Amino acid sequence: MNRDDYYTVAYVAVFGVLWGAVEATLGTILHAVGLPLKGTLLTAVGTVIVLAGALRMPARRGLPLLGMGVVAVAVKTAAMGVLKINILLSILAEAALLQAGVLILGYTLPGCLLGGIWACLWPMGQRIFIYGALFGEGLAVIFDEMTRTGSAWLGVPVKSVTVLLLGLAAAHAFLGAVAGTTGWLLGRSLRKNRHAEP
Amino acid sequence: MPNLKIFFALALLGTAFSKSWAWLIPAALLATAGNWGRAKELRRLKFWIFFFLASFLPFFLIRRQEMLLVSGRMFLRAVLLYNAVLLYVENVDAERMKPVLRRAFGERLSLTLSVAVNILPVMRRIFLQTHGVFLLRAPSSRARLFGYVRFLRAVLSQSLLAAERLAENMIVAEGARQNEVHIISGPHGSGKTTLAAALAEKFQERGWPVAGVLSPGAFEAGRRVRIEARDAASGETRLLASRNGEVSDPIHEHGGFRFSKSGFEFAKESLLRRAAGSIVFVDEIGPLELAGEGYAETLENLLHADAAALYLVVREGLVQDVTKKFKISQYTILRPPAWEDRAAKGTDHANG
């Protein structure tokens, strides 16, 4: 391995651990508080961390965001809190979506926005993908549950399914956009001021 | 028996995924009883108090019944995972596990995962120190709200510094592990072997132990038709490859040359016949070695052996492939065209 490879390994390890630690600590607390969009909030914080780290990497070789996701899964597994297979799969999926966003549009503001939006939309789609595809739960049941949840949050009748789903998706995408932008801004500011003190 | 214990550790890890008290409680009790005699920590009250406080912290912060259940499971999982790690550490040979991890995850990811596990205490320290500064600087709730972004930024800044220090440490450690490597590179027929032979001669003249193999060629009408394997230490020579059907025991065929099995064995023996601290020449590393044949295995051993320095002859255009394949991170390049006055420059290099 050459010099750049060692930098990649170090950055992926450090920021992956940070993401995993946030998932383990903040995740447990948010799980208990029962906030709406808690999964998306968690994803947003993770997105900020890994994007800032990836933007600061001297050489972004391979798939660093996906690597950070794998490390985060390893940390989350050993973190003793709420252990669920779908949480671990979700972290991997979010990392893959983030990576896909920046692969398409580069490590730029649009790339970070796209990755952030996709990653934060995942918690909305994960039930359909994971429960539906993996565990065979009926898609109709999941769809029904989602519309009822959205109805309670937004105060819109259940019949306005399209509005509800669009509202939910917009809320998730907004959080993702904020996270992507914050990650990009933090990454840039860290690059300018690398020895910033707390 | 160690294998059985490793499977038991894996089973404990498996039960940690369960939400069922019926699985978690017996598994935690069984694991603790199994490790009771070996692990003195388990017999200390402060260890159990620490685990209890760490696990029930979320319940102390958010006093809800659901949180009590989550914290209870967390406590049992902590006990299970601690016991599983104890069994794993005691019974798994890390050196034997490395190639398994490399095969399973690839070299870079397995290294990343092992680094991630090792830096957990460092990250915890960064978090706690930064959090302490954050609490001191933002005592009011409003200031604290704005301070969260500054806190995140400070944690990220400290993490960046940690990542850079970590990378530099790994680079230094790798450099210390690897022998000094010089790559003699140039186009076909540019005099790479001549340069290597001259260097070997100069080193020998100065009494430095030299070993390895040189591969001078015989030319007919400007075309190389024969390659010999010459022991760099003794000067003994054998036929290594030929285009003219001289090889009676072919082992490889490449670029129109038929390589001799006995010639290769002689060359490998020459590479292995070295004294500690000797200067080893390997002429040449090419497509055959990149395909994992020829001197590939011997070179991998040489790179981490007790040689003082390695001189590798590599054709121009293959240097990157060779350094990547054999993970040579630090090396210098010597080029025959600069070798105008061979004797003089060879002397300089040998002196250097």
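The model is predicted, so local features require pLDDT of at least 70 and side-chain atom pairs count only at pLDDT 80 or more, while totals for chains, interfaces and linings use all residues. Residues are numbered from 1 along each chain as its sequence is written, chains are lettered from A in the order in which they are written, and side-chain values use heavy atoms, leaving out hydrogens and water.

We begin with the interior. A nonpolar core is a set of buried Ala, Val, Leu, Ile, Met, Phe, Trp, Tyr and Cys residues joined through side-chain atoms within 4.5 Å; buried means under 20% relative accessible area, exposed over 50% and partly exposed in between, with a 1.4 Å probe and protein chains only. The largest core has 59 residues, and those touching the most other members are A:Phe15, A:Leu65, A:Met68, B:Ile119 and B:Leu156. Several helices of chain A, including H1 (3–33), supply at least two residues each, as do helix H6 (107–137) and helix H7 (141–177) of chain B. Helices (H or I, at least four residues) and strands (E, at least two) are DSSP runs, numbered from the N terminus. H1(A) gives the most to this core, namely 14 residues. A second, separate core holds 32 residues, among them B:Val181, B:Ile227, B:Phe266 and B:Leu312.

Aromatic rings come next. Rings of Phe, Tyr and Trp (its six-membered ring) pair if their centres lie within 6.5 Å; planes under 30 degrees apart count as stacked, over 60 as edge-to-face and the rest as tilted. Over all chains, this rule gives eight aromatic pairs. A:Tyr11 and A:Phe15 form a stacked pair, at 6.1 Å centre to centre with 20° between the planes. These two residues are separated by about one helical turn because they lie four residues apart in helix H1 of chain A. A:Tyr11 counts as buried because its relative accessibility is 0%.

B:Phe203 and B:Phe281 form a tilted pair, with 6.3 Å centre to centre and 45° between the planes. This pair links distant parts of the chain, 78 residues apart: B:Phe203 lies in helix H8 (residues 192–205) of chain B, and B:Phe281 in strand E8 (residues 279–285) of chain B. Both B:Phe203 and B:Phe281 are buried.

Finally, consider helix H9 of chain B. Among the buried residues of H9(B) are B:Phe264, B:Phe266 and B:Leu271. Seen down the axis of H9(B), its buried residues fall within an arc of 160°, so they line one face of the helix; the arc is that of the directions from the helix axis to the C-beta atoms.
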